Amino acid sequence: MTTDFDILIIGGGMVGASLGVALAPLPLRVGLIEAVEFESAAQPSYDDRTVALSYGSKRIFESLKVWDRLDASGATPIQRIHISDRGHFGFARLDAAEAGVAALGYVVENRALGQALKPVLAETANLTVICPATVEDVAFAESAANVTFRRGDKLGTLSARLVVAADGGTSPVRNKAGIETRRTDYHQTALVTNVTPELPHRNVAYERFTDSGPLAFLPMSENRCAVVWSLSPEKAEALLALDATQFMAALQEQFGTRLGRLRKVGKRAAYPLALTKVSEHIRPRLVLIGNAAHTVHPVAGQGFNLGLRDVAVLAQILNEAQRAGRDIGELAVLEDYAGWRKRDNLAISTFTDGLVRTFSNDLPPLSFARNLGLVAVDLYPPAKRALLRLSMGLAGRLPRLARGLPL
Ligand SMILES: Cc1cc2nc3c(=O)[nH]c(=O)nc-3n(C[C@H](O)[C@H](O)[C@H](O)COP(=O)(O)OP(=O)(O)OC[C@H]3O[C@@H](n4cnc5c(N)ncnc54)[C@H](O)[C@@H]3O)c2cc1C
């Protein structure tokens with residue numbers, strides 16, 4: 001059967017657009033449907049947040065030839081990570097020099113990521129971007145999937161051998177396919193902003209577990225720090241209502257004075273947090289990637305990094321399948337993908353969920369044990385190496401793009 005595309009990606013957010021770029025060298029006809037223009041203030045993926053890219057994600061973007069653009073947009077190296085438990089004795093440090101790399105990761109503004117990916121998509125001859133357009137329905141037949149989308153007041157239909165759902169945590173495509181989703185609400189809201197402290201951040205990322213929830217300060221350009229503060233929804237609402245001076249005082253109280261006084265604060269925004277797991281990542285002619293396949297707590301900055309590894313593995317599996325003359329939408333091909341991704345998915349969701357739960361409980365025996373754990377990570381090299389490999393995105397079987405190789 002002839003189809004309009006070989007692969008149709010639904011959602012051109014950070015993960016879907018990265019997949020479009022990764023598939024560029026393949027002799028396949030690729031379409032990408034995105035609901036909101038990349039530069040729009042309403043874009044839900046390329047918004048005012050920052051993303052901490054792991055060392056492994058940097059390597060993937062280098063392989064995709066996107067890194068130089070990101071670097072030029074002010075990507076800020078993380079040279080050290082300092083983890084502490086407010087009011088307790090434990091702390092741990094992870095150091096780039098100890099890991100033998102120039103940086104453990106990089107902080108990039110989501111908007112800058114959109115601006116780096118968009119021109120690469122536009123330069124790709126075998127890729128068609130349909131934007132703004134919203135997918136309304138997907139129907140699956142034996143040899144193709146049919147996608148109905150709305151563009152302005154017109155409806156259109158396109159067929160493809162494989163549909164990739166990269167349409168975010170609420171994935172309309174996943175829902176249309178009737179895939180069961182388990183959402184565990186953390187009853188926390190991430191309050192996101194950036195601040196300029198008095199002292200230089202020296203490229204240190206701070207993860208501080210406080211009574212109110214985990215608080216991260218990530219180094220940014222112009223000596224700003226990206227703040228991700230996970231709080232009860234009520235507390236977050238109260239903090240959003242404060243004026244800038246009152247807010248900085250409340251933040252300073254939780255973070256302390258390691259970076260001196262906080263002098264300036266940017267726009268504040270809030271995101272509800274949940275752990276999402278799906279019962280199936282693949283179906284014949286369908287694969288879920290990125291937040292459509294999993295959402296995790298941002299405590300260790302892993303969600304997008306996990307999604308980018310979905311991209312690197314999927315691109316490799318599809319490349320190998322098309323070279324071997326296999327049908328890229330058939331279940332057997334997609335099973336290779338799902339089997340490969342299982343362990344990484346489980347490791348990251350267990351790690352992030354475990355962190356949130358362990359540090360949310362202030363029962364004395366537990367807080368003592370977790371502080372011993374922090375000290376152990378700091379002093380016991382094998383524990384530190386294991387944590388480094390996980391947080392740098394280098395644990396387990398790595399796809400070619402993450403090893404710096406072309407597909
Ligand atoms: C506060 C916070 C901080 C974070 N920090 C980090 C971090 O430091 N490091 C990290 O790795 N991760 C981080 N994450 C996670 C990261 O933001 C997500 O993993 C990432 O945004 C997922 O990208 P995505 O492309 O899968 O989904 P999304 O970003 O949700 O994009 C989905 C896209 O699909 C489009 N779409 C939706 N429905 C349709 C439709 N029907 N038709 C067409 N298009 C559609 C949307 O417009 C959107 O562009 C953080 C998350 C939060 C909430």
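## The loop between strand 14 and strand 15

R224 is located in the loop between strand 14 and strand 15. The model described here is predicted. With a relative accessibility of 16%, R224 counts as buried, because the limit for a buried residue is under 20%. The side chain of R224 makes a polar contact of 2.8 Å with the side chain of S221. When neighbours within four places in sequence are set aside, R224 is in contact with E109, N194, V195, T196, H201, L218 and P219.

E222 is also placed in this loop, which runs between strand 14 (213–219) and strand 15 (225–231). E222 has a relative accessibility of 67% and therefore counts as exposed, the limit being over 50%. The backbone of E222 has a phi value near 55 degrees, which is positive although the residue is not glycine.

## Surroundings of the ligand

An oxygen atom of the ligand lies 3.0 Å from a backbone N or O atom of V15. A polar backbone atom of A35 is 3.2 Å from a nitrogen atom of the ligand, and a backbone N or O atom of G303 lies 3.4 Å from a ligand nitrogen atom. On its own, the ligand has 1,000 Å² of accessible area, and the protein covers 91% of this area.

## Nonpolar cores

The largest nonpolar core has 92 residues, and F61 and I289 touch the most other members. Helix 9 supplies the largest share of this core, with eleven residues. Beyond its neighbours within four places in sequence, F61 is in contact with S18, L53, V66, W67, L70, L113, L117, F304 and L308.

The peptide bond that joins C131 and P132 is cis, with omega about 0 degrees. P132 is placed in the loop between strand 8 (127–130) and strand 9.

K65 belongs to the loop between helix 2 (55–63) and helix 3 (67–72). Its phi value is near 60 degrees, which is positive in a residue other than glycine. K65 counts as exposed because its relative accessibility is 68%, and the limit for this class is over 50%.

## D185 in strand 12

D185 is part of strand 12. At 36% relative accessibility, D185 counts as partly exposed, because this value falls between the limits of 20% and 50%. The side chain of D185 reaches the backbone nitrogen of H187 at 2.8 Å. Apart from neighbours within four places in sequence, D185 is in contact with L273 and A274.

The C-alpha atoms of D185 and W67 are separated by 34 Å, and these two residues are 118 residues apart along the chain.

## T276 in strand 17

T276 lies in strand 17, which spans residues 269–278. The relative accessible area of T276 is 5%, so this residue is buried. The side chains of T276 and T295 are joined by a polar contact of 2.6 Å.

Not counting residues up to four places away in sequence, T276 touches R174, T181, R182, R183, A293, H294 and T295.

Key
Residues numbered from 1 in each chain as written. Predicted model: local features only at pLDDT ≥ 70, side-chain atom pairs only at ≥ 80, totals over all residues. Heavy atoms only, no water. Polar contact = N/O pair within 3.5 Å; in protein donor to acceptor, adjacent residues only side chain to side chain. Areas by Shrake-Rupley, 256 points an atom, 1.4 Å probe, with all protein chains shown as cover. Core = buried A, V, L, I, M, F, W, Y, C linked by side-chain atoms within 4.5 Å. Buried < 20%, exposed > 50% of the residue type's maximum accessible area, 1.4 Å probe, protein only. Helix = DSSP H or I, 4+ residues; strand = E, 2+ residues; numbered from the N terminus. Contact = heavy atoms within 4.5 Å.
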